Amino acid sequence: DASVRAISSGQVITSLIDIVKELVENAVDAASTFITISLEYNGMDGITVKDNGRGIPVDDRRSMAKRYYTSKLESFEDLPSVRTYGFRGEALASIAAIAGEMSITTKTDADKVGTIYYFSREGEIISQKNVSPARGTTVTIKKIFTLFPVRRENARKQATKLPAQIKHLITTYAIVNPSIRFSSQVKGGSKLRDTVVAPTKQVTDTISQTLGKEISNSCLWVESKLSEDALSNDLRIEAFLPDPSKNVHLLNGKGYFIYIDNRPTTCLRGNLKIITKLVKQYILNSLGESTKLSDPFYYLNIVCLKGVYDPNLEPSKDAVLFRDFDTVVAKLEDLLASVY
Ligand code: ADP
Ligand code: MG
C-alpha cells in the first residue's frame, strides 16, 4: 500500500524544496547545460524540472522510479569515488510515493522520438506515449502530498518562503556548476518570480553574478595543492575568502557556502561544525574587530581523491564521514594561515 511504502522509505520527502533539490541534482548529474525549474502556485499545484542532459536510456526507464535503482554506481566498491550527486537511487521513488501524479519525459541521442511516462505511487509505469521534445529529461510532479495532509498543510504555510528557498538552491548549485544555465519561474497568486543564472567560466564569476560584484570584489581566491606524491586518499581545498585588504564589511550576513566535491553540505553537525568554526575563527580573529564583521561570506570546496570519505551517511547526502579528519583540518589551517 502506497502510504506504508512511503512511511518505510529510507528517504522521507517532507517539503517542496526537497523535491526540487533532488530533481536539480539529477539534472546536473545528467551533464545538462540548461536546467529550468517551474513551480505552479508556489509548487502546490505542480513542480517541473526540465533539463537538456543525456536523457534516460530505454533500458533504465522501467526501473528509474523504483526504490534503490541507480544508474550511477556500478558496484558498492565505487561508492568511495562517486562524483555524481546521486548514488542511492531513492529520490524518484520517494517523490513518486508522495505525489498523486508523476510524469517523466525523456529523449536520448539514440532515440528517434521522445517518450512521456506516467508513474504510479509505487514507481511503476502506468502509461506512456510518444512526444517530440529536444534531448533531455523533464520531470513533472502534481498533487503533491495529497495523501499526507500534515505535510500538505505545512507546504502551504511555507509557500511564501519557497521563492527565496529556490533562489538559494539555484545559487548553491550554480556556484559549483558555473557552466550550467539555471532558471526558475515561481507562479503564486498574481506574482511571477523569475531567477536566471547565466553560465560563466568559473566559480568566482558565478558568485559575482548571484551574490553581487561587491561580494566577489572583497574576496581572495586561494587553493591548496595535492601533495607531490598524491596518494589515493589525498585532498585539496579551494576557497574564496574575505580579503584583508578590502572592504570586508559588505560580506556580513551573505551566508557561507561549504562543499565537499561540489556537494553542498547543509548538515552542520560533527566534522562540518568544526570546519565552520575554524574558518570563522580565523577570519574574525584577523578582521572582526576593525571591520565589525560577525557573519562573513566565504566559499570553501574540499576536493578529494578516491577514498577520503564515506558519502553515504544521510539519505539527503549532505553529510560525509572523513577517513582522516585531522588531515582535512591541518590542510585547512595551512590555507587559512596563508591569508590571515
Ligand atoms: P540517483 O540519483 O541516486 O541515481 P534517483 O532516484 O534520483 O537516484 O534517479 C534514479 C535514476 O533515474 C538515476 O540513476 C538516473 O539513471 C535516472 N534519472 C533521473 N533523473 C534523470 C535526469 N534528469 N536525466 C537523466 N537520468 C535521470
Ligand atoms: Mg538523484
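1. A nonpolar core is a set of buried Ala, Val, Leu, Ile, Met, Phe, Trp, Tyr and Cys residues joined through C-beta atoms within 7 Å; a residue is buried if 20 or more other C-beta atoms, placed from the backbone, lie within 10 Å of its own. In this structure the largest such core has 78 residues, and Val20, Val24, Val49, Ile95, Ala96 and Tyr298 have the most contacts inside it. Domain 1 (2-197) and domain 2 (212-339), with bounds from an automatic or database assignment, both give residues to this core, so it lies between them.

2. The model is predicted: local features need pLDDT of at least 70, side-chain atom pairs count only at pLDDT 80 or more, and totals for chains, interfaces and linings use all residues. Residues are numbered from 1 along each chain as its sequence is written, while chains are lettered from A and ligands numbered from 1 in the order in which they are written.

3. Of the chain's 340 residues, 36% count as buried. The chain has nine helices and 15 strands (DSSP runs of H or I, at least four residues, and of E, at least two, numbered from the N terminus).

4. An open sheet of mixed pairing runs in the order E9-E10-E13-E11-E12, where strands pair if DSSP finds at least two bridges between them. Strand E9 (219-223) and strand E12 (263-264) each have a single partner strand, so one side of each is left without a neighbour in the sheet.

5. Within this sheet, E11 (residues 256-260) and E13 (residues 298-304) pair in the parallel sense over five bridges. Phe257 stands opposite Tyr299 in E13.

Notes. Buried ≥ 20, exposed ≤ 12 C-beta atoms within 10 Å, placed from the backbone.
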